[in-house]
Each structure stands twice: as C-alpha cells, then as structure tokens.
Amino acid sequence: MQAIKKKKRPTLFLLLTRLGFSFGTQLLPYTVSNSDLSLSYLSGSNSLNFDRELNGTGFPFLLATELSIKLNRRWQIFYGSSADLTNNYEFSSVQIGTRYSLLLNKKGRPTLMRPSLAYGIQQFGWSFPTFTNTEGILFANKMINTKELSFHVGERVSFIRPSISIDKKIGGLRWLYLNAGYFISLERQNRIILKDESGFIFSRGEQSRSLDGSGALVMSNGQPLSTDSGWFNQLYLEMGIRWSF
C-alpha cells in the first residue's frame, strides 16, 4: 500500500501557536523616611527651583505586559515591560528571561508552577510638581514654558530577577496567574529625567542622564542626595491574565 504522507503545517501557524501574551497589574511597594527634596537646575542663563515632600509608605500600581514564545512543553522565553499608572513618579522597566513549567495537578483544569529568571533594567524617579520659576527655559533646542517641563529625580538600576508564578487555566486560552519575585541589583546610578510635555505627543523631547554632571543639585533635608536603595522594595507582586496555546 502506498503510504499516506502527513500534511505539514505551515511555519506561520506553528509560530503563532507558540506565542503567549499577558496583561496584569504589578504592586511594587516603597518605604521612605520623611524628607524634603529640593532641586536646582541650571540651563544656560535659565534656572529652575523645585521642592517636594516625601513621606510614609506607598503602594504604586504598574501596568505589566509580556510576550512569550514556547520552546517546548516545559520552557518559554519572554520579554516583559511595566510602567506606572500615576503622575506621582516616573517608572519604567523592561526584562528578558526564561521560564520553566511544572504541572501541579492531573485532573480538572491544569495548574502550573512556573519559576523564572530574567535580566532587565528599570528606571524610576520622583516628580517635582512645585516650582518657583514661571519663565521659559531652553530644552531640547527649543524654548518652552516651565509648566510644560516635567522633572524627575531617581535611579536607573540593572537587575537580575528570580520569580515564581502559579498559573490556573480558567477557560479557553486564558490563564489566571499570580507572580512574586525579587530584584537583585547589579548596578545603580542616580538619574535626572526631563520631559517636554508641550505640543504633539510624538514630537516631545525626553532626556535621561546621570545626576553627576547634569547641572542639577538635589538636596534631601539640606544634604546632597545619595543613592537610597530603600526607596523601592526589592520584592514585588503581580497578577493578571495570560493568553497561551
């Protein structure tokens, strides 16, 4: 008898069935001691002076997204990002990593335990909403009003992030997940972030530079600001929905 050849599935179909997406909310608590921050910034012949009070403990929420590719039944690689949902501070994070899947139950809808390891970079800064100047300032080669210039002071951190998640299938391609992890800092650098918020959104300028040599002087309770690793805790918690084949 003539053998019947199995029809080979298109490469594009095989690729799509290996993709996964997730959307969730990330909680990244911070604890700060009561302090008054002040910032003086000199740009050419123009200067700005900002003040901000920090106090207590907060629980900022971040929007977390992820794209993953399944390598086999057990392993995935992923690219994730998170960003803040408030105007009180500036936060952004990107990471790339790998994840392993373990099946916890054999009956009913599956439950997976997924340890992972990722490398990434995060940048955060406190905003300075109060300033004493009202004149224009030269920024990104154009003169803009200070009310349309956003200042943030904080850190840029490169990290390794071990984490573990529990994923529960809730129907179709959807999984509900709860993820907890720990940031291990590799390198920290004080940063100043300046954003032009005038005009069309896609033509706005942005600068992120080391605080040293930026022309900015930041004081905390009357003393020069130093790197404070206690601003944001290194633990985080995240939950959301995954779509995966």
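## About the model

The model is predicted, so local features need pLDDT of at least 70 and side-chain atom pairs count only at pLDDT 80 or more, while totals for chains, interfaces and linings use all residues. Residues are numbered from 1 along each chain as its sequence is written, and side-chain values use heavy atoms, with hydrogens and water left out.

## The whole chain

Of its 245 residues, 40% are buried, meaning under 20% relative accessible area with a 1.4 Å probe and protein chains only.

## Paired strands

Let's look at strand E6, residues 61–70. E6 runs antiparallel to strand E1 (residues 19–27), and 9 bridges join them; strands pair if DSSP finds at least two bridges between them. Here Phe23 has Thr65 in E6 as its bridge partner.

E6 also pairs with strand E7 (residues 75–84), in the antiparallel sense over 9 bridges. Leu63 stands opposite Ala83 in E7, and a hairpin of 4 residues joins E6 to E7.

## A closer look at Leu117

Leu117 lies in strand E10. Why does Leu117 count as partly exposed? Its relative accessibility is 47%, and partly exposed covers the range between buried and exposed, where exposed means over 50%.

Notes:
Helices (H or I, at least four residues) and strands (E, at least two) are DSSP runs, numbered from the N terminus.
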